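Trainee: I have a new structure open and would like to learn how to read it. Where do we begin?

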Amino acid sequence: MPDIRRAAPGQGIVHIVGAGPGDPDLLTLRALRVLRQADVVIHDRLIGPEILDFARPDAERIYVGKAKANHSRPQGEINALMASRAAQGQRVVRLKGGDPFVFGRGGEEMQYLLSRGIAVEIVPGITAATGCAAFAGIPLTHRDHATAVTFISGHAKEGEPDLDWAALAAGRQTIVVYMGVSTAGDIARRLIGNGMTPSTPVAVVENGTLPTQKTVTGTLLRLEYLIEDNGIAGPALIIIGDVVRAAAANCATAWPLAAAE
Ligand SMILES: C[S@@+](CC[C@H](N)C(=O)[O-])C[C@H]1O[C@@H](n2cnc3c(N)ncnc32)[C@H](O)[C@@H]1O
């Protein structure tokens, strides 16, 4: 396997970068640095213009976003694009929402590039779960309410996710569901069917960390209607568990900082 971080002088590299959940202030310094040096930025759907503006004005920007059932470019093409640009000696930033290794296909892209001898760096990002929880004031593992937190996807590669619902329904844990808006009703039914209390509190955070963030709370039993009645269309994250009771009010916006900071 080639070195995961270092590229030889003159050789290209792909930085697979997590851009966080939306608020540009949540980019890491490392993400900012590599973005400023990039020759080409290959980015996903949930990357806002303020984040792309950190790239050099002359850097090429290529949109390859995917929405569910609306793939603008097949994954194979995205892989080939990254590899060919790096092979030409370019510094490529592959910019992804959240963290590249959390439901982000960063692993698949890394394996593809490394298997072709391309230098790769992974730059972690704030994943939607931690970003949304922070901006909604929900402490994911508050000791009075949870001893574990589990991230699940509401969609599997093919159809319904094959999860251990009994294990998920048991114990004092927080469940965070990515990509679960359209399957929320099924998820709630599975959890309740496996013993989770129907009155378990839930929160749905749409556009988390952005000025348009919407946070709604209710019970597991009514999760489907909570989403429907509030017109939640996504991107949204579902947080299930007693920690939702410990949510602080008025956390929905970042505290303004003075310009000099
Ligand atoms: C393909 S996954 C990518 C996850 C990403 N790699 C991460 O670490 O956050 C996309 C899903 O993440 C969640 N998501 C991403 N950004 C979000 C945001 N700003 N607010 C709420 N949910 C978000 C939604 O569930 C969305 O359907």
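Mentor: With a definition. Two strands pair if DSSP finds at least two bridges between them. One more point before we look: this is a predicted model.

Trainee: In what order do the five strands with parallel pairing stand in their open sheet?

Mentor: The order is S3-S2-S6-S1-S7, and the sheet is open. S3 and strand S7 (119-123) are the edge strands, each pairing on one side only. From one strand to the next, the twist averages 20 degrees.

Trainee: How do strands hold on to each other?

Mentor: Here is the general idea. Strands of a sheet pair through backbone hydrogen bonds, either parallel or antiparallel. Now the case. S2 pairs with strand S3 (residues 60-63) in the parallel sense, over four bridges. Ile42 stands opposite Ile62 in S3. S2 also runs parallel to strand S6 (residues 91-96), joined by four bridges. There, Val40 has Val92 of S6 as its bridge partner.

Trainee: How many bridges join strand S1 to S7?

Mentor: Five bridges join strand S1 (residues 13-18) to S7, and the two run parallel. His15 has Glu121 in S7 as its bridge partner.

Trainee: Which way do the side chains of a strand point?

Mentor: In a regular strand the side chains alternate between the two faces of the sheet. Look at strand S2 (residues 40-43). Val40 and Ile42 point one way, Val41 and His43 the other. All of these are buried.

Trainee: Which strands does helix H4 lie across?

Mentor: Helix H4 (residues 106-115) lies across S1, S6 and S7. It runs at about 160 degrees to S7.

Trainee: Is Ile78 buried or exposed?

Mentor: Count the neighbours. A residue is buried if 20 or more other C-beta atoms lie within 10 Å of its own. Ile78 has 22 C-beta neighbours inside 10 Å, so it counts as buried. It is found in helix H3 (residues 75-87). Leaving out residues up to four places away in sequence, Ile78 touches Ile42, Val64 and Arg73. Ile42 is one of the residues of S2. The C-alpha atoms of Ile78 and Glu109 are separated by 8.7 Å, although these residues are 31 apart along the chain.

Trainee: What is the strand order in the sheet with mixed pairing?

Mentor: Five strands form that open sheet, in the order S8-S9-S12-S10-S11. Strand S8 (148-153) and strand S11 (214-219) stand at the edges. Each has a single partner strand, so one side of each has no neighbour in the sheet. The twist averages 20 degrees from one strand to the next. S9 and S12 run antiparallel and are joined by three bridges. Ile175 stands opposite Ile240 in S12.

Trainee: Which helix lies across S8, S9, S10, S11 and S12?

Mentor: Helix H5 (residues 128-136) does. Its angle to S12 is about 75 degrees.

Trainee: Which residues of helix H7 are buried?

Mentor: In helix H7 (residues 184-193), they are Ala184, Ile187, Ala188 and Leu191. Look down the axis of H7: these buried residues fall within an arc of 100 degrees, so they line one face of the helix. Their cover includes helix H6 (165-169), strand S9 (173-178), helix H8 (223-229) and strand S12 (236-240). After H7 comes Gly195, with a positive phi near 110 degrees.

Trainee: Where is Ile232 placed?

Mentor: In the loop between H8 and S12. Ile232 has 19 other C-beta atoms within 10 Å, so it is partly exposed. Its contacts, not counting residues up to four places away in sequence, are Val181, Val204, Glu206 and Ile227.

Trainee: How does the domain assignment divide the chain?

Mentor: The assignment gives domain 1 (13-126) and domain 2 (129-246). Their C-alpha centres lie 27 Å apart. Nine residues of domain 1 are in contact with 12 residues of domain 2.

Trainee: What can we say about the whole chain?

Mentor: It has eight helices and 12 strands. The radius of gyration is 20 Å, close to the 18 Å that the globule rule gives for 261 residues, so the chain is as compact as a globular protein of that length. Buried residues make up 42% of the 261 residues.

Conventions
Residues are numbered from 1 along each chain as its sequence is written. This is a predicted model: local features need pLDDT of at least 70, side-chain atom pairs count only at pLDDT 80 or more; totals for chains, interfaces and linings use all residues. A residue is buried if 20 or more other C-beta atoms lie within 10 Å of its own, exposed if 12 or fewer, and partly exposed in between; C-beta atoms are placed from the backbone. The arc is that of the directions from the helix axis to the C-beta atoms. Two residues are in contact if their C-beta atoms, placed from the backbone, lie within 7 Å. The radius of gyration is taken over C-alpha atoms; the globule rule is 2.2 Å times the number of residues to the power 0.38. Axes are lines fitted to C-alpha atoms, for helices over the stretch in contact, and angles run from 0 to 180 degrees between N-to-C directions. Domain bounds come from an automatic or database domain assignment.
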